[in-house]
Amino acid sequence: GGLVDISGGESGGGSLDLFSEGNIGLGQLDISAGGEFGDAGIGDILALGNLNLNGIISGSGADNGELCGDAADIDMTADGDINVNAAMTMRGRGLDCSGGFLAIDGNAVTVAAQIDLSATGTEGTGGDLDITSVGPMQIAANVRADGPDGAGDVFLSSDADLTIGGDILANGYGTFGSGASLVEIDAGGAIVIGGDIIASGGGQ
């Protein structure tokens with residue numbers, strides 16, 4: 001329920017490996033990096049029950065102007081339901097580093113807080129998001145995979161109903177930026193889109 005801090009400096013963030021034959025409830029997690037070139041850490045979380053993310057997850061790379069590190073790589077899998085109840089921030093910072101990679105695979109999946117895989121540097125690119133579910137999927141908050149120089153890919157797939165209530169930003173908003181090469185939304189049931197999906201490029 002408290003803070004798991006495996007953030008690092010020049011050598012990067014740490015590696016987190018969690019496994020439970022039952023449920024996992026995770027509080028605040030920091031696997032960010034600092035220094036000049038530190039990449040954020042790697043997370044692998046597997047629950048045979050439910051997975052509840054109740055604290056802010058931070059996994060941004062180093063930010064030192066023209067020097068920087070890429071954001072975190074996190075893979076979350078559960079045989080039960082997955083609930084993202086707090087914000088996840090895995091940003092690429094500095095001049096030209098990239099946002100994180102996040103994979104979520106569960107039964108029913110609910111994202112109730114923002115997922116931010118964006119990049120901030122003028123030559124930075126957004127990260128990739130891959131969410132799959134057997135049961136219903138609900139994306140109730142904003143998702144960012146945008147960046148000035150280019151956006152990351154967004155893949156959402158449910159074998160049941162899929163509802164998107166927040167905005168999905170996968171645009172390359174710099175003058176010569178490219179939007180996401182892939183924004184794919186699949187469902188075995190109904191698809192309901194209530195927010196904006198923006199994957200344009202060229203400053204649009």
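This note goes through the disulfide, the salt bridges, the surface patches and some residue pairs of a predicted model.

1. Ground rules. The model is predicted, so local features need pLDDT of at least 70 and side-chain atom pairs count only at pLDDT 80 or more, while totals for chains, interfaces and linings use all residues. Residues are numbered from 1 along each chain as its sequence is written, and side-chain values use heavy atoms, with hydrogens and water left out.

2. Disulfide. The structure holds one disulfide (a pair of cysteine sulfur atoms within 2.5 Å). The partners are Cys68 and Cys97, with S to S at 2.0 Å. The link is right-handed, with 90° about the S-S bond. Cys68 sits in strand S9 (residues 67-68) and Cys97 in the loop between strand S12 (88-89) and strand S13 (101-106), so the pair ties together parts 29 residues apart in sequence. Strands here are DSSP runs (E, at least two residues), numbered from the N terminus.

3. Burial of the cysteines. Buried means under 20% relative accessible area, exposed means over 50%, and partly exposed lies in between (1.4 Å probe, protein chains only). Cys68 is buried, at 8% relative accessible area. Cys97 is buried too, at 7%.

4. Salt bridge of Arg91 and Asp116. Side chains of opposite charge can pair when their charged atoms come close. The structure holds two salt bridges (a side-chain nitrogen of Lys or Arg within 4 Å of a carboxyl oxygen of Asp or Glu). In one of them, Arg91 pairs with Asp116, and the closest N and O atoms are 3.4 Å apart. This pair links distant parts of the chain: Arg91 is in the loop between S12 and S13, Asp116 is in strand S15 (residues 115-116), and they are 25 residues apart. Arg91 is partly exposed, at 22% relative accessibility. Asp116, in contrast, is buried, with a relative accessible area of 5%.

5. Salt bridge of Arg144 and Asp146. Here the side chains meet at 2.8 Å, N to O. Asp146 is buried, with a relative accessible area of 3%.

6. Negative patch. Asp17, Asp44, Asp73, Asp75 and Asp105 form a negative surface patch. Patch members have over 30% relative accessible area and no salt bridge; like charges are joined within 9 Å, and nonpolar side chains (Val, Leu, Ile, Met, Phe, Trp, Tyr) within 5 Å. Asp and Glu count as negative, Lys and Arg as positive, and His and the chain ends are not counted. The place of a charge is taken as CG of Asp, CD of Glu, NZ of Lys or CZ of Arg. Asp44 lies in strand S5 (residues 42-47). Asp44 is partly exposed, at 40% relative accessible area.

7. Nonpolar patch. Val183, Ile191, Ile193 and Ile197 make a nonpolar surface patch of about 290 Å². Areas come from the Shrake-Rupley method with a 1.4 Å probe; for residues, only the protein chains shown count as cover. Ile191 belongs to strand S23 (residues 191-193). Ile191 is partly exposed, with a relative accessible area of 41%.

8. Asp130 is in strand S16 (residues 128-133). Asp130 is partly exposed, at 26% relative accessibility. From Asp130 to Phe101 the C-alpha separation is 8.2 Å, across 29 residues along the chain. Val154 is in strand S19 (residues 154-158). Val154 is buried, at 1% relative accessible area. Val154 and Leu102 are 52 residues apart in sequence, and their C-alpha atoms are 9.9 Å apart in space.

9. Gly80 is in the loop between strand S10 (73-78) and strand S11 (82-84). Gly80 is buried, with a relative accessible area of 12%. Gly80 and Ile193 are 113 residues apart along the chain, and their C-alpha atoms are separated by 25 Å. Gly201 follows strand S24 (197-198), in the segment after it. At 25% relative accessibility, Gly201 is partly exposed. Gly201 and Met88 are 113 residues apart in sequence, with 24 Å from C-alpha to C-alpha.

Note on methods:
Helix = DSSP H or I, 4+ residues; strand = E, 2+ residues; numbered from the N terminus.
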